[in-house]
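User: Could you walk me through the side-chain contacts in this model? I would like to learn how to read each kind of feature.

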Amino acid sequence: MTTATLKGNERPTIGEFFLRAPAVGPTLALLVAIVVFSLSTDTFLDLDNLSLVVQQSLVVGTLALGQTLIILTAGIDLANAAAMVLATLIMAKLVVGGVSGIWALLLGIVATVVIGMVTGSLVTRIKLPPFIVTLGLLTVLTAAAKLFASGQALPVADSLLKWLGTRRYLFGGIPITYGMTLALLMYLGLWYALTRTPWGKHVYAVGNAPESARLSGIKVNRTILSVYIVAGVIVGIAAWQALGRVPNADPNAFQLGNLDSITAVVLGGASLFGGRGSVLGTMMGALVVAVLRSGLTQLGVDALYQDVATGALLIGAVCVDRFARRQQS
């Protein structure tokens with residue numbers, strides 16, 4: 001019997017299994033969390049509460065979509081939540097100044113796209129590490145948001161900017177919002193782009209081995225720049241989601257939004273080393289974070305301890321990724 005035959009008949013190790021199906025882990029974690037909290041509380045499985053959990057995951061889940069793209073290319077974005085907050089303030093201030101809601105929305109998204117272009121240019125042209133670039137931008141954008149709003153929250157009364165928070169009832173009893181529908185369409189769209197288009201294959205190739213991708217004819221810098229631009233669009237839409245959830249632009253909001261988005265992506269089975277991850281996994285990861293926070297809140301756990309639990313989840317997910325890679329090698 002040849003070596004090739006032996007390898008063909010071998011069962012995959014645990015590490016290889018999770019590398020091939022990265023969404024399995026977070027899906028199991030989500031199911032376990034739902035079972036635990038449904039047994040621990042009386043209201044967790046109520047339709048209203050489940051709808052609220054999904055709504056609470058929308059902003060982080062949308063940020064996590066953009067984060068997924070960047071992590072797939074072996075980058076990281078520490079400034080996505082700060083950019084989103086700045087966009088909410090831009091939208092709110094424009095509306096207060098008499099600009100129509102549609103123009104305020106578009107200009108807010110343009111602002112996040114420009115931030116994405118700047119980030120991508122610094123990474124691809126000057127070859128700065130994404131961690132350093134986005135860490136610097138995190139400080140700049142956080143200060144800029146507070147200066148722009150003079151440290152004050154701005155109420156949003158425009159119907160378009162609040163539209164994503166409008167609630168409707170599916171089949172007469174299941175509460176959903178337009179934001180939930182938009183998020184689902186975004187996940188489906190990005191799933192298609194990553195799995196069914198040449199651009200998606202290039203993103204994975206660049207994350208796996210950028211030099212090999214370059215030698216095969218892929219324009220690596222152009223691909224990475226396009227990833228940051230698309231992520232910028234997604235961050236702008238996340239700002240719209242945030243205003244739909246709470247019609248109030250606050251410069252102090254979502255201070256841990258960047259870390260929550262990274263946690264969702266890594267929990268979803270993506271590798272911080274690039275080249276591995278999925279949209280489905282990110283969705284499951286975002287829901288795990290939301291379910292964890294909702295369940296702990298219903299159990300009366302302090303918000304600070306919830307942050308501790310979220311951080312521990314992130315460390316655990318990275319450890320699992322390292323274990324899986326060692327098993328494969």
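Analyst: Happy to. Let's begin with exposure: buried means under 20% relative accessible area, exposed means over 50%, and partly exposed lies in between, using a 1.4 Å probe and protein chains only. This is a predicted model, in which local features need pLDDT of at least 70 and side-chain atom pairs count only at pLDDT 80 or more, while totals for chains, interfaces and linings use all residues. Residues are numbered from 1 along each chain as its sequence is written, and side-chain values use heavy atoms, with hydrogens and water left out.

User: Then let me try that scale: is Y178 buried, partly exposed or exposed?

Analyst: Y178 is partly exposed, because its relative accessible area is 27%.

User: Which aromatic pair does Y178 form?

Analyst: First, the general idea. Rings of Phe, Tyr and Trp (for Trp, the six-membered ring) pair if their centres lie within 6.5 Å; planes under 30 degrees apart count as stacked, over 60 as edge-to-face, and the rest as tilted. The structure holds three aromatic pairs. One of them is W163 with Y178, a stacked pair with 4.4 Å from centre to centre and 15° between the planes.

User: How are helices and strands assigned here?

Analyst: They are DSSP runs, numbered from the N terminus: helices are H or I with at least four residues, strands are E with at least two.

User: And what about W163 and W240?

Analyst: W163 is partly exposed, at 37% relative accessible area. The ring centres of W163 and W240 are 6.2 Å apart and their planes are at 25°, so this pair is stacked. W240 lies in helix α12 (residues 220–245), 77 residues from W163. W240 is buried, with a relative accessible area of 13%. Together, W163, Y178 and W240 form one aromatic cluster.

User: How many salt bridges are there?

Analyst: Side chains of opposite charge can pair when their charged atoms come close. Here a salt bridge is a side-chain nitrogen of Lys or Arg within 4 Å of a carboxyl oxygen of Asp or Glu. By this rule there are three. One joins E211 and R214, whose closest N and O atoms are 2.3 Å apart. Both residues lie in helix α11 (residues 210–215), three residues apart, about one turn of the helix. E211 is partly exposed at 44% relative accessibility, and R214 is partly exposed at 46%.

User: Where does the charged end of K93 sit?

Analyst: A charge sits over a ring if NZ of Lys or CZ of Arg is within 6 Å of the ring centre and within 35 degrees of the ring normal. The charged end of K93 sits over the ring of F148, 4.8 Å from its centre.
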